Amino acid sequence: MSHMSPELPEHAGAVEDLLDLCFGPGRYAKTAYRLREGVEPVEGLSWLWIDNGEVQGTIRYWPVLIGGKWPALMLGPLAVLPRLQGTGIGRALMRHTLDLAREMGHERVMLVGDEPYYARVGFSRAAGKGLDMPGPVDHSRLLALALAEGAMDGVAGMIGKPLSTSKPAGASAKGVSDAA
Ligand SMILES: CC(C)(COP(=O)(O)OP(=O)(O)OC[C@H]1O[C@@H](n2cnc3c(N)ncnc32)[C@H](O)[C@@H]1OP(=O)(O)O)[C@@H](O)C(=O)NCCC(=O)NCCS
């Protein structure tokens, strides 16, 4: 039976296969991956869609800092098995994890993606208009969502890694690059 499940360490290989299938190995060149390097995904927000042991959908979030002072979540990667795309799995994973994020006290989320799709769960270019990324980015795809009222008001600037969760220098980033 298909269901949502928190991602566990034993799922890492299947998630990696799914991301390879959906994005290809070239995904590591994306600007978003620079922000993920050396940083762990946000605990409690990595979820899967599973059916009979098959990982069919994945969502993860990374912590970022906007303008050096506003903590935020970066949604992604989000991916669904090609044969099941368009059946509501992506939306279900987003709705569930965004609700959890709100309950956990996170105030804002940003992502790089297509507004017509992500607007269905509340993301907009308008909310993300003051954002910038350290590398090539199509600004029309920089979207944001306030999880608390007014939480994107006046929020602008370069998106960077969080100050507190970066691994110490010399720590292996293997788990991270494998995970994303
Ligand atoms: C994008 C993705 C995660 C969406 O997940 P999904 O489970 O297929 O999407 P859902 O079933 O929740 O929603 C499907 C609806 O969104 C629409 N949609 C999907 N991708 C879209 C896009 N990029 N832009 C606009 N609409 C889109 C579909 O047309 C469909 O519309 P309908 O409900 O009117 O029929 C999935 O297609 C995927 O894995 N794609 C490859 C990886 C990728 O591009 N990830 C996103 C990175 S930004």
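**Exercise 1.** By class, how many nonpolar, polar and charged residues does the shell around the ligand have?

*Solution.* The model is predicted: local features need pLDDT of at least 70, side-chain atom pairs count only at pLDDT 80 or more, and totals for chains, interfaces and linings use all residues. Residues are numbered from 1 along each chain as its sequence is written, and side-chain values use heavy atoms, with hydrogens and water left out.
- Step 1: Ala, Val, Leu, Ile, Met, Phe, Trp, Tyr, Cys and Pro count as nonpolar, Asp, Glu, Lys and Arg as charged, and the others, Gly among them, as polar.
- Step 2: The shell then divides into 10 nonpolar, six polar and three charged residues.

**Exercise 2.** Identify the residues that come nearest to the ligand, and examine the contacts of its oxygen atoms.

*Solution.* 
- Step 1: A residue belongs to the surroundings if one of its heavy atoms lies within 4 Å of the molecule. Of the 19 residues around the ligand, the nearest are Val80, Gly86, Gly88, Gly90 and Asp114.
- Step 2: A polar contact is a pair of N or O atoms within 3.5 Å; within protein, one must be able to donate a hydrogen and the other to accept it, and residues adjacent in sequence count only if both atoms are side-chain atoms. Polar backbone atoms of Val80 and of Gly86 each lie 2.8 Å from a ligand oxygen atom. For Gly90, a backbone N or O atom is 2.7 Å from an oxygen atom of the ligand.
- Step 3: The protein buries 66% of the 910 Å² that the ligand exposes when taken alone (Shrake-Rupley method, 1.4 Å probe; for residues, only the protein chains shown count as cover).

**Exercise 3.** Locate the backbone exceptions.

*Solution.* 
- Step 1: Most residues other than glycine have a negative phi, and most peptide bonds are trans.
- Step 2: Gly76 and Pro77 are joined by a cis peptide bond, with omega about 0 degrees. Pro77 is in strand S4 (helices, H or I, at least four residues, and strands, E, at least two, are DSSP runs numbered from the N terminus).
- Step 3: Asn52 is not a glycine, yet its phi is positive, about 50 degrees. Asn52 is placed in the loop between strand S2 (47-51) and strand S3 (54-66).
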